[in-house]
Amino acid sequence: MTDSSAALGRERAAVADACRRLGAEGLLIGTAGNVSVRAGERVAITATGAVLAELTADQVTVVGLDGKIVAGALQPTSELELHLGVYRRHGTGAVVHTHAPMATALSLVLDELPCIHYQLLALGGTVRVAPYATFGTPELAESVLAALEGRSAALMANHGALTHAPTLDKAVEHALLLEWACGVYQRAAALGPPRVLDEQQQLAVIEAAIARDYGTTHPVPPAQEEER
Ligand SMILES: [Zn+2]
């Protein structure tokens, strides 16, 4: 524990910030859920038993990709192996796992969240529901890792949701997007069978998004600005 605690100081603070944001948004409730970010061969991850909506940087533990504790005074989350598995298999930069209410509700009844809105394409389209296994077990990790194939989100049957992304901010955005989509689906399904975007419609969205650089701001060219 030499310079390592200082080295990941920024990442630990960022994980705490992300947890407080997700707590404020109602996605992290009490001590349920866990968040991590990777920096090279190290991972900053929430401690087990910590109240996530009030998390501080010293409640974030630093581990190696082998799971060995490098820095921090608290034991890491019981889903440590799940997070490490996502980094190993899907080569990502950050992982968010929640027991968010809408996502968890859908995980009780669906085998997958169909692509009901084009924004879901940011997560890879249809979101699979990973079959149930006891929390913290290799069986659960395997189930979720398989459901994430080609996706940046999965629902976890009778448990919750997981998202990942190259950056922590993006993984948090994915978690919020997934929860929003689950809420939309629930409301729609109460009225009747929701329509689903077919493959061709999904493909057209991807083409349009690439053509228009969707999701980024675009400055008005100077000439047009003068016309206003
Ligand atoms: Zn959980």
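Trainee: Where does Pro193 lie?
Mentor: Pro193 sits in the loop between H6 and H7. Please keep in mind that this is a predicted model.

Trainee: Is Pro193 buried or exposed?
Mentor: Pro193 is exposed, because 7 other C-beta atoms lie within 10 Å, and a residue counts as exposed at 12 or fewer.

Trainee: How many Å separate the C-alpha atoms of Pro193 and Phe135?
Mentor: The separation is 32 Å, and the two residues are 58 residues apart along the chain.

Trainee: What about H7, how many residues does it have?
Mentor: Helix H7 covers residues 199–212, which makes 14 residues. From its first C-alpha to its last it reaches 20 Å, close to the 20 Å expected at 1.5 Å a residue.

Trainee: How many of the residues of H7 are buried?
Mentor: The count is 0 of 14, so H7 is hardly covered. Just after H7, Asp213 adopts a positive phi of about 55°.

Trainee: Changing topic: how much of E5 is buried?
Mentor: Strand E5, residues 94–98, has 5 of its 5 residues buried. Ala94, Val96 and Thr98 point one way, while Val95 and His97 point the other way.

Trainee: Which strands pair with E5?
Mentor: Strand E1 (residues 34–39) pairs with E5 in the antiparallel sense over 4 bridges. Strand E9 (residues 160–165) also runs antiparallel to E5, joined by 5 bridges.

Trainee: And what stands opposite His97 in E9?
Mentor: Leu162 in E9 stands opposite His97. His97 is also the bridge partner of Asn34.

Trainee: Now the core. Which residues touch the most other members?
Mentor: In the largest nonpolar core, which has 60 residues, they are Val15, Val144, Ala154 and Leu155. Helix H6, residues 168–191, gives the most to this core, with 8 residues. In soluble globular proteins, nonpolar side chains tend to be buried together.

Trainee: What does Val15 touch?
Mentor: Leaving aside residues up to four places away in sequence, Val15 touches Val35, Ser36, Val37, Ala44, Thr46, Val60 and Leu168.

Trainee: Lastly, how many helices and strands are in the protein chain?
Mentor: The protein chain has 8 helices and 9 strands. Its radius of gyration is 19 Å, close to the 17 Å that the globule rule gives for 228 residues, so the chain is as compact as a globular protein of that length.

Trainee: What share of the residues count as buried?
Mentor: Of the 228 residues, 39% count as buried.

How values were computed: Residues numbered from 1 in each chain as written. Predicted model: local features only at pLDDT ≥ 70, side-chain atom pairs only at ≥ 80, totals over all residues. Helix = DSSP H or I, 4+ residues; strand = E, 2+ residues; numbered from the N terminus. Expected span 1.5 Å × (residues − 1). Buried ≥ 20, exposed ≤ 12 C-beta atoms within 10 Å, placed from the backbone. Rg over C-alpha atoms; globule rule 2.2 N^0.38 Å. Core = buried A, V, L, I, M, F, W, Y, C linked by C-beta atoms within 7 Å. Contact = placed C-beta atoms within 7 Å. Pairing = 2+ DSSP bridges.
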